[in-house]
Amino acid sequence: MNDKHTWKVLEIFGSIVDREILITSFVDDVLGYENKDDSSLVYFDNVSKKYLEDYIQSNSNIKKWQWSEIVEKNWMQNCHDFFKPISIKDKVYLSTVWDEDEKNNMIDIKINPALAFGTGHHETTYMMIEAMLDFDFKEKSVLDIGTGSGILSILSKRLGSNRILAIDNDHLTENNFIENLKFNHIDDVEFKIADCTSFIDYNFDIILANINRSVIVDIIPNLTSSNTLVFLSGILNSDEDLINDLLNQYNRKIQKIYRKNKWSCIVIK
Ligand SMILES: C[S@@+](CC[C@H](N)C(=O)[O-])C[C@H]1O[C@@H](n2cnc3c(N)ncnc32)[C@H](O)[C@@H]1O
């Protein structure tokens, strides 16, 4: 009998924009993914193939896909090959927990890439980190919405924040969050499973929200304090006007916009 764990791999074909839109829409179920020239490989643990195929047919422009499986040993090797260390602005060095090298002159963050997001390899996280480096976090309270791997909470701590609350609505993130904080020797970040659309205490100096357009649209009306600095990511360039109109409606002012490929990250007050 083969007792090794097996993961399902969905390969989707289509334009990079259509692939990314689909992947981010079912991000809650995704363990990881990698983009190739003509296709993307999306990794799942337990997922109903029928459910996903129905979802793809009704909610995306993707017309072609195929399934395969990989076993435990190859999964670890795949992760190892895919998540190479990266440095951001020569200030933050992101690597996986199995990379042994450390960069003493940079903020060194180690992540176990068990989840799709929160390794820094995706543009939306990369820009959050870039943006965070441009603002002052010393002695600030931080709400990290959709914390995932906890990467932004770890960076907030390293940048000097004094109180951090991290929330995510997906209970599968909890173990990964806890282990990543431990790997980075941090034990004073509060974590809660919560849905930010029904979460009402937005009274923090800084709010981090790398989520997606629809959740960001839902939370903007709750950002009532002009003293709170809010970092919004997970926004496509093409949705900037829509977000901008909403920010005007609620009197929020844009401080800075970051763009990488088709993604935008907006810092507001
Ligand atoms: C794009 S990931 C961001 C992870 C990490 N913060 C980063 O910047 O890489 C988005 C996260 O938001 C969480 N999320 C999605 N909708 C949410 C909601 N309504 N309330 C709280 N968390 C949510 C997802 O479970 C996921 O972990």
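**The chain as a whole**

The model is predicted. The protein chain folds into 8 helices and 14 strands. Its radius of gyration is 18 Å, close to the 18 Å that the globule rule gives for 269 residues, so the chain is as compact as a globular protein of that length. Along its principal axes, the C-alpha trace spans about 60 × 45 × 30 Å.

Contacts in the protein chain reach across the sequence. Take those with a separation of 6 or more: 61% of them join residues 24 or more positions apart.

| Property of the protein chain | Value |
|---|---|
| Residues that count as buried | 51% of 269 residues |
| Positive charges | 29 charges |
| Negative charges | 42 charges |
| Distance between the mean positions of the positive and negative charges | 3 Å |

**A look at Glu-20**

Glu-20 sits in helix 1, which runs over residues 16-25. Is Glu-20 buried or exposed? The relative accessible area of Glu-20 is 3%. Buried means under 20%, so Glu-20 is buried.

Which residues does Glu-20 touch, leaving aside its neighbours within four places in sequence? Glu-20 is in contact with Tyr-33 and Asn-35, with His-122 and Glu-123, and with Lys-262 and Trp-263.

How values were computed. Residues numbered from 1 in each chain as written. Predicted model: local features only at pLDDT ≥ 70, side-chain atom pairs only at ≥ 80, totals over all residues. Heavy atoms only, no water. Helix = DSSP H or I, 4+ residues; strand = E, 2+ residues; numbered from the N terminus. Rg over C-alpha atoms; globule rule 2.2 N^0.38 Å. Buried < 20%, exposed > 50% of the residue type's maximum accessible area, 1.4 Å probe, protein only. Contact = heavy atoms within 4.5 Å. Lys, Arg positive; Asp, Glu negative; His and termini not counted. Charge placed at Lys NZ, Arg CZ, Asp CG, Glu CD.
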